[in-house]
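Subject: Structure for your review

Dear colleague,

Please find below the structure that I am handing over to you. My notes on its salt bridges and nonpolar cores follow.

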Amino acid sequence: MINRINLFVLLTAIFSFTTKAQEKLTLQEAITIAMQNNYDIKISKNNIAIAKNNATIGNAGMLPNLTGTYANGGSIQNTRQTPVTGEDRVITGAKSTNNDLGADLNWTIFDGFSMFANYERLKELQKQGEVTSRLAILTTIADVITAYYDVARQQKLVIAADSAIDISVFREKIAKTKLQLGRGSKLDVLTAQVDYNTDTSNYLQQKNALQVAKVRLNQLLVRNVNLTFFVDNNIDIDQALVYSQLAELAEKQNPNVQNAFINQRVANLNLKSIKGARYPVVSLNSGYSRTNSTSPTGFNQKFAANGFTYGVTASLNLFNGFLQRQQERNAKIDIENSTLNLDKTKLDVSTQLLTAYQNYSTYLDLVKLEQRNVDIAKENLDITLAKYRLGSIAPLELREAQRNSIDAQNRFIEMQYQAKLAEITLKEISGNINLSN
């Protein structure tokens, strides 16, 4: 008996000391750390920067192109020139040089408005990058909140398992005392010891589940997975969520819906850009060149020139094997697909929202029911313990009351957690997660 009590006291002391040695992690601190460290959030921010860098008038083809060139070369040749009259002219090792320096400017000033459509498309892609980043942030923060409350749940379950050991120790002590007084049996003592070992096993397994939950949260926060901490045990549920308000927010703020809408805009702009090929392309061009050359075998042994060139170029695609018509048809199909995808996304989001809200409402009712069950089971356990002390009931009745109390506590904790998950899901779908908590 002494060994079992000492083991229980040791487990409790270790758990209490470990908890005191750990730092408390609040939900707001967890969110702040995730916003700073999480890899998915960092990657999404980098993607925003890329999309922002791409959304320029230069990338859309609105600015001129200026190209500088420089060439310097020469040759060494042996030549023989035979004139109509006179002797052959033989030159050995004739060295010629050539030096060119220039700059060319080309500026497309009209291309059927394709450049303007391309610029609008790049700006839409920038918006899409921002929406995608917001989706990554919402998903990550939802995962962090879920993992945080999972730690809270596991902590509460550890406490529940701890209380079961407490009762088992008390029961074993009473059984041994009765045996010593000649009022009990060895069977009651052995049964109490088996139940104690079962409860201890459950306690250790629950502590392991708590450690696994902490590792998962540390991973999301991108910090040392061995870092120890504890969280607030309270699982506060927002019970004021209204479906109609959430549905309205989801239609406006859900990142998947916003992405689908942007894809529709991009498809329309792509068609506008393709149609631009039906119009002429007008370009301004200009240039400057400077040339120096020597040729001992030529008519002019030295040559130098420099100056400007300028002009206007216009071109019109008259026929390209019906590719223009094919591209326009495909672009129209893309528009139709983007519209269908937008409608599908809205339906998917509405389905997810309604399902989550139904779960949310059900779990709220279950939380209230299990709270009453906890109170009833606790009262029943107190009465049963009192009767067991007096010896008016069998050990099995106490064990049954103990199990009912633990099961009621576990169900209550689980319903709280599930209700919280449903709340988080609703806020994630509606794009309404409070990042400042």
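In these notes, a residue is called buried under 20% relative accessible area, exposed over 50%, and partly exposed in between, using a 1.4 Å probe and protein chains only. This is a predicted model, in which local features need pLDDT of at least 70 and side-chain atom pairs count only at pLDDT 80 or more, while totals for chains, interfaces and linings use all residues. Residues are numbered from 1 along each chain as its sequence is written, and side-chain values use heavy atoms, with hydrogens and water left out.

Salt bridges

The search of the whole structure found 16 salt bridges, each defined as a side-chain nitrogen of Lys or Arg within 4 Å of a carboxyl oxygen of Asp or Glu. Helices are DSSP runs (H or I, at least four residues), numbered from the N terminus.

Arginine 411 counts as partly exposed because its relative accessible area is 38%, whereas glutamate 370 is buried, at 8%.

A second bridge pairs arginine 265 with glutamate 124, whose closest N and O atoms are 3.6 Å apart. Here helix H7 (residues 255-275) supplies arginine 265 and helix H4 (residues 114-181) supplies glutamate 124, the two being 141 residues apart. Arginine 265 is partly exposed, at 31% relative accessibility, and glutamate 124 is buried, at 7%.

Aspartate 199 and arginine 399 also meet in a salt bridge, at 2.8 Å from N to O. The partners are 200 residues apart, in helix H5 (residues 186-220) and helix H9 (residues 395-429) respectively. Both aspartate 199 and arginine 399 are buried.

Nonpolar cores

A nonpolar core is a set of buried Ala, Val, Leu, Ile, Met, Phe, Trp, Tyr and Cys residues joined through side-chain atoms within 4.5 Å. The largest has 35 residues, and those touching the most other members are Leu25, Ile145, Tyr148, Tyr149, Leu217 and Leu221. Two or more residues come from each of helices H2 (27-37), H4, H5 and H9, and H4 gives the largest share, 15 residues. Beyond its neighbours within four places in sequence, isoleucine 145 is in contact (heavy atoms within 4.5 Å) with Leu27, Ile31, Ile424 and Ile433. A second, separate core has 23 residues, including Leu241, Leu246, Tyr357 and Ala422.

Yours sincerely
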